Amino acid sequence: MPSYSCNFMAKPSLFVLVFVVVMYLSTAQGPPPFPGYYPSSSVQSKGFSEYFANLWGPQHQRVDQGTLTIWLDKTSGSGYKSLRSYRSGYFGVSVKLQSGYTAGVITSFYLSNNQYFPGNHDEIDIEFLGTTPGKPYTLQTNVFIRGSGDGNVIGREMKFHLWFDPTQDFHHYAIQWTPSDIIFLVDDVPIRRYTKMNDATFPTRKMWIYGSIWDASEWATEDGKYKADYEYQPFVSKYQNFKISGCTAEAAESCRGDSGGMSQERYRAMEWVQRNYLVYDYCHDPKRDRTQIPEC
């Protein structure tokens with residue numbers, strides 16, 4: 001006589017497994033929760049030349065119908081810099097990345113004062129780390145404070161994959177920097193909040209806005225495993241929809257900047273991103289010296 005006990009036990013186990021997989025996929029896919037409001041909608045877009053000028057590699061940079069294109073080949077990359085410096089504000093841009101083999105190549109949009117405080121600078125980074133076919137881009141966010149990016153590197157990296165393909169269309173990336181926190185946003189969704197603990201762990205000096213494309217083969221893709229391959233040149237990145245609203249260095253002290261706070265909706269959206277797309281958090285890296293990152 002056949003026994004049915006094993007089949008009977010297997011079916012619930014299979015059902016549970018399928019249920020768990022389906023629930024996981026349902027949470028990991030689809031758009032993020034509504035963040036409550038869209039800060040980019042309150043900032044007017046302006047043309048590249050109203051905010052920026054070429055910094056280096058002018059022969060690898062052009063503006064056409066409101067879109068800035070910069071590219072890297074074996075001769076040079078390119079970069080740009082804001083005309084003014086800022087103490088706080090909203091700094092956003094829409095970016096479209098190149099598909100295919102882009103290992104070793106970094107496309108960036110960031111705040112820095114490295115030209116004015118060499119060896120002792122501050123920086124707030126959004127960097128797209130190039131990749132190999134079939135693998136997603138990594139968006140790296142980082143914060144350097146008073147020389148922690150010079151020689152004695154104390155990075156505060158958090159790395160993410162994205163819930164869309166950044167090579168198919170333009171998406172908006174932004175930094176909201178206030179005297180009390182820094183919020184990184186993707187399409188108005190907060191992906192990271194860095195809160196001021198004290199002056200030693202937070203950038204407080206004026207910074208300029210930069211963007212660039214360059215070869216960082218030593219570390220950019222899987223810790224340098226894959227290098228830039230110039231058989232695939234040029235490597236092209238496109239920027240548009242520049243949105244800047246901040247307190248310039250010359251503004252009155254009463255100009256403080258506002259991140260809009262972190263409502264319950266914004267926290268929920270940020271937690272969704274970090275639960276599903278965060279791939280590295282410096283605070284959870286056992287190799288890091290905890291005395292250098294007291295905010296963790």
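A: On a 1 Å grid over the protein atoms alone, a cavity is a set of points where a 1.4 Å probe fits but cannot get out, and lining residues have an atom within 4 Å of a point. Points are joined across faces, edges and corners, and a volume is the space filled by probe spheres set on them. The model is predicted, so local features need pLDDT of at least 70 and side-chain atom pairs pLDDT 80 or more, while totals for chains, interfaces and linings use all residues. Residues are numbered from 1 along each chain as its sequence is written, and side-chain values use heavy atoms, without hydrogens and water.

One cavity reaches 30 Å³ or more. The volume of the largest cavity is about 50 Å³. Around it stand Leu97, Gln98, Thr102, Val105, Thr107, Tyr137, Ile213, Phe235, Val236 and Ser237. Strands are DSSP runs of E with at least two residues, numbered from the N terminus. Two of them, S5 (105-112) and S13 (235-248), each give at least two residues to this lining. S13 has the largest share, three residues. Sorted by class, the lining holds six nonpolar residues, four polar ones and no charged ones. Here Ala, Val, Leu, Ile, Met, Phe, Trp, Tyr, Cys and Pro count as nonpolar, Asp, Glu, Lys and Arg as charged, and the others, Gly among them, as polar.

Terms used. On a 1 Å grid over the protein atoms alone, a cavity is a set of points where a 1.4 Å probe fits but cannot get out, and a pocket is an open set with protein on both sides within 12 Å along at least five of seven lines; lining residues have an atom within 4 Å of a point. Helices (H or I, at least four residues) and strands (E, at least two) are DSSP runs, numbered from the N terminus.
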